[in-house]
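Thanks for coming. I have one model to go through, so please bring it up on your screens.

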Amino acid sequence: MLMESPDKSSSSYQLQSPGWSSSTLPPSVTRLWRPAAQRNLRNQWSKLASYKSQWVSSSSAGRSHATSLVNTDLSLRYIPSMELGVLSDMLDLRKKASAKLLKQQELYRSKLLSSYRDLVAVLTHMVNTSRSMRCYVKGTSSSPLVQFSCSSEDKNDAGDGGGTPVFAFWSISSFEQLADELVLMFISELSLKRLLVVELFTISCEAREVNEFCWLNELYPGEFDDLRKCNLFSEDTGGPVSPRLMEGKSDMPPLKLNSQPNHENLQVYLTTWLEELNIDTHRINEIFAILEEEMHVHLS
């Protein structure tokens, strides 16, 4: 399976092109636009910082549940060959132990799915926030009471103040570019984590159950609608966008029915989840440091 990058050029992720200049607004309105735009940018980036922290929490919980799921599976594999010693006379010990482990496995699957769903929700909020950087005039510019919002009511209002600096140096588009860079990391990482979830769900499954966890099937009701919001669903293939690493493409074998990942595979999956290969923590910290200096606000 060739891993493809989420299509940032898709209409669902494109930023609106400026269609007007600041000179089209009365000078009095333009003067009011700048502080309103400053407040909005501070609010939106504060939200992104909060969502970043929520991602870390949900990802950590997911890794914990994935580890428990893997450990339970390894215990199930060991039961048939383990030496029972003094317990060998206890009837159905292996059967009862296996039944208990299978129940635990179902619990950890459910918890892992819940953590994945939390990650999808966090990313959806990130995407929406990254698209709310602009500040539009609410109502008409001739109104005696000028108000602003994150949504446009006038097709001639691009919400960017004509490209003028909002704080010291940067225009709205500069803040949007950084938001795009940040969010794209999490978009790519979510796609990779979905692959890991699908693979982990197949361990110790009966043949009929593996079909439920195919890449092209929803992992929970409404998942594909959520992925569309994050530009992670391909209408051409009718399924989620294939994952990839940010630094380059990688060939990955397709999920095979009845496949049982070996111990080494499972360790790789857990390590990949932990490392979050598509998220450049150093770059993220750099982005927020630059923003804090530009906006004169503490974000994280």
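How many helices and strands does the chain have? The chain has seven helices and four strands, where helices (H or I, at least four residues) and strands (E, at least two) are DSSP runs numbered from the N terminus. In sequence order the pattern reads α-α-β-β-α-α-α-β-β-α-α.

Some conventions. This is a predicted model, in which local features need pLDDT of at least 70 and side-chain atom pairs count only at pLDDT 80 or more, while totals for chains, interfaces and linings use all residues. Residues are numbered from 1 along each chain as its sequence is written, and side-chain values use heavy atoms, with hydrogens and water left out.

Of the 300 residues in the chain, 44% are buried; buried means under 20% relative accessible area, exposed over 50%, partly exposed in between, with a 1.4 Å probe and protein chains only. Contact means heavy atoms within 4.5 Å. Among contacts in the chain with a separation of 6 or more, 80% are between residues 24 or more positions apart.

Now to a helix pair. Helix α3 (residues 172-201) packs on helix α7 (residues 281-295) at about 155°, and the axes are 11 Å apart. Axes here are lines fitted to C-alpha atoms, for helices over the stretch in contact, and angles run from 0 to 180 degrees between N-to-C directions. The two helices are therefore roughly antiparallel, a label for angles over 145 degrees; under 35 is roughly parallel, 65 to 115 roughly perpendicular, and the rest oblique. On the α3 side the contact includes Phe175, Leu178 and Met185, and on the α7 side Ile284, Phe288 and Leu291 are among the residues involved.

Next, the rings. The whole structure has six aromatic pairs. Rings of Phe, Tyr and Trp (its six-membered ring) pair if their centres lie within 6.5 Å; planes under 30 degrees apart are stacked, over 60 edge-to-face, the rest tilted. One of the pairs is Trp45 with Phe288, edge-to-face at 5.9 Å centre to centre and 85° between the planes. Trp45 sits in helix α1 (residues 27-78) and Phe288 in helix α7, 243 residues apart. Both residues are buried. Elsewhere, ring pairs join Phe167, Trp170 and Phe175 into a cluster.

Last, Leu192 in helix α3. Is Leu192 buried or exposed? Leu192 counts as buried, because its relative accessibility is 5%. Leaving aside residues up to four places away in sequence, Leu192 touches Pro243, Leu245, Thr272 and Asn278.
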